Every structure is written in C-alpha cells, then in structure tokens.
Amino acid sequence: MQSVKIGILGLGTVGSGTVNVLTRNSREISRRAGRDIEIYRAADRDLDKPKGCDTSAINLTDDAFDIINDPDIQIVVELIGGTGVAKELVIKAIENGKHVVTANKALIAMHGNELFELAQERGVTISFEAAVAGGIPIIKAMREGLAGNRIEWLAGIINGTGNFILTEMREKGRDFADVLAEAQALGYAEADPTFDIEGIDAAHKLTIMASIAFGIPLQFDKCYTEGISRIAQEDVLNANELGYRIKHLGIAKKTTSGVELRVHPTLIPQRRLLANVNGVMNAVVVKGDAVGPTLYYGAGAGSEATASAVVADIVDIVRALTTDPENRVPHLAFQPDALKDTPILPMSEVVTSYYLRIHTLDKPGVLADITRILSKEGINIEAILQKQPEEHEGMVPIIMLTQAVIEKNMDQAIAQIEALDTVPDSIMRIRMESLGG
Ligand code: HSE
C-alpha cells in the first residue's frame, strides 16, 4: 500500500521532535497505522538555522503555503503556533481537503468552533492532542475512554513553567524571576512567558478540556484567568505550615447553575496526588460519575513528549482515512449538533473557600474589626494564624482559612477590610479546593 505523505509546518522544538520520533520509530508506527508515514515535505521560515533533527531526506521549503497547496500531501502538521499565519494555513489546508494535526492550543481555544465547522463541511479531521498537557493523552482519555460518564469536574496542573516556578520557590526558596529564566532556557516557556505566568496558556488548555468534558462550545473569552506573579515566598511557607501546597490549577466544574471555568493559584491539601506533581510535570484529575476520580500524569511540554501526542494523532488519522467522515470521533467528543449552551458562570458566582493573608498594623482591635466584617458577609473562619510583627517590617501578618462562600461576598468583605486604616496593604487571597473524590 502507498505511504501516507505528510507535511510539517515548523521545525522548532516540537517539529524537530516529531521528525525524530517518526523516523526513529517508523517501523512500529507503520505496524500500528497499517501504512507507512512519509515526511514528504517540511517548512520552516529560517532554513539556515540548525534544526534539532536530520532533515536530509525531507524536501524543505521556507514557504508553508507550498505544503498546503501540494496535492500529494494528505496530512498537514501545524507546529508554528499562534493565531496569525497558523490560522490562515490551517484554514487553507482544510479548504484544500487536508487533515490537520496541530499542537496549537491558542488556535483551538480561540477559533476551534469555526475551524471544526469548516473541517466537518470538508470531511476532514483536525486533531489536537498535543495542544493540551503535551504528551499526556488527556483528549483521547476524555473523548473516548470516559465516553460513558457524566463528567462532574476536572482540575489540572497544565502549565509546566508555572509549576516549575512554584516548585522551586517551595523546595529551594528560589526567586520567581530566576526560576522563570531557567524554564525559558530549558525550552518550556511560551515565546511570551506572560502566557505561562498569567495563566493564559493554562486557560487555552482548560477551555479545550471543558468543552470535551461537558459538550459545550469553546469559550476562551469566558475563562477566568489569574496568574502566579503575586504569590510571595511567605504564602508558599504559610500554605506549607497549614498542610497545603499552592498549585496553579485549571478547574472546570459542572454545577446546577452552569459551568465554572477558572485558572488561578489554588491551595490544595498536601496529601493529594496533584499537590505532589512537581517541576515541569503536568497532571489532570477528571471526575466521572461512573468511574470516580481518574488521574493523568506526564510531561506537559518538551520536544519528544509533545511529539508523542502529535504522532499519535497522525496515526489516528491514517487509520481512519478510509472511514466515512460522519463516523469519526467528533472533535469535541459530543456530536456537533448535540453541543449545549450551558452558561459559563461569572467568577462572582463561584463558591470556594479561601486563604487570606492580611498585613495589619500592630494595634488592639484589628483582628476584631476583620472578623466582624467577615461575619457580616456570612464568612465562617476555619483556621487562623498570626505571625510575629518584627519579621515583617512592623506589620502583623494574619493568615486565615475560610469555609466555602460565594465569591461576591468575599469580594465585598475584602473591599471593606482593605478600607480599614489598620490594613495598609492589599489583601492576598488564594482560593482553596479539597479535590476530594
Ligand atoms: N509553555 C507551556 C508550559 C508549554 O510551560 O507548559 C506546553 O504547552
């Protein structure tokens, strides 16, 4: 049988990894796919730059449109990233009747609805396993392995750079900026590292997972996103002292009033498996009504780890080349006409418990004022810790854990406490999750 010809767009970290994996494991891959897969062409805008793979047998071009317009190519592998030229290329590839494999989370999270519709019209597939949690097959697990479940919630560490920073801060007391520079040097961070630190990268991935979990259209613009740049070393230590760890989580939860879709730093109990996922590793817990909690763990970034997901998608497409497009696994797990318009809840309606760090002046009655405000807003205190003033330039850090409360009440309480003369600094608030089964 003739080989299937693929064209790769972008020979950066993931593109080179894909060439290496496809080449090194070609025999095993052909045995699985039922056909040989040939890297027929590859495009990179800078062909003079040394690549992380052997390109001697590949027909190279610096114009990605050469690949999109090549009639011999059946599968286009988009590894350029971003929503500019990558979007244009993917649309043109679909219009030319090619299947697309992409690792581009921003593209899928922001434009997936229209791209899937176009792909469906043209009878082709867009596969995007590598867009979420790198090498972890989380899309396949949820879309196929959990197809019998009503998924109740999922929570994940889905940005390796952020997790690396928080781990190093906790384990070695290292400085935020210093750890970020190391993550960039290791090739984990996004081109714009604010995407990692401010949670945008995680929000892209969470948006995709939530759609697959709950059968809703992709709604990146409704995802609440808060980064880790305000987390101080003292918060990391306080959490530890109270039996928790701070993790930058993406959380999607189905409630009776809608779907919660949120990325933010979160205190989770130290004993949870997720609390022990360290460094650049990713992990996602998915709770299904039938299966209970399930955990998926692995490398969320890196050249060959991400290539592992890219190649799996290529194999899936090759296996299904001759099937009727209507009978393929739907892009978002649910049939396109069965997606539901369940509302995404605004953050003010989300119910969670909180860690509060309040720096106060050392005066009598300060704690009484704070607890009075919390009580007026119906907020129950779970634990309280007061630190020595001298360690904090004369200020007294008060650490509180609260019971669950609707976020709008907490917003009001924080505004009132910050208005007190005895509370000169803004309050640090970190949401908490028990992540119990
Ligand atoms: N910048 C991402 C991370 C790469 O650190 O996880 C994988 O999406």
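By class, the shell around the ligand in this predicted model has five charged, four polar and three nonpolar residues. Here Ala, Val, Leu, Ile, Met, Phe, Trp, Tyr, Cys and Pro count as nonpolar, Asp, Glu, Lys and Arg as charged, and the others, Gly among them, as polar. Members of the shell include K105, N159, Y188, E190, D201 and K205; to be near the ligand, a residue needs a heavy atom within 4 Å of it.

A quick word on the ground rules. Residues are numbered from 1 along each chain as its sequence is written, and side-chain values use heavy atoms, with hydrogens and water left out. Since we are looking at a prediction, local features need pLDDT of at least 70 and side-chain atom pairs count only at pLDDT 80 or more, while totals for chains, interfaces and linings use all residues.

Now, which side chains reach oxygen atoms of the ligand? Helices α7 (160-172) and α10 (200-214) each give two or more residues to the shell. Our helices are DSSP runs (H or I, at least four residues), as are strands (E, at least two), numbered from the N terminus.

K105 forms a salt bridge with E190, 3.0 Å from N to O; the term means a side-chain nitrogen of Lys or Arg within 4 Å of a carboxyl oxygen of Asp or Glu. E190 sits in the loop between α8 (176-185) and α9 (194-197) and K105 in helix α5 (residues 105-122), so the pair ties together parts 85 residues apart in sequence. Is K105 buried or exposed? K105 is buried, at 16% relative accessible area, whereas E190 is partly exposed at 23%. Buried means under 20%, exposed over 50%, and partly exposed in between (1.4 Å probe, protein chains only).

K205, for its part, meets D201 in a salt bridge of 2.6 Å, N to O. These two are four residues apart in helix α10, which means about one helical turn separates them. K205 is buried at 6%, and so is D201 at 1%.

Across the structure there are 32 salt bridges, and one network links E168, K172, R174, D178 and E182.
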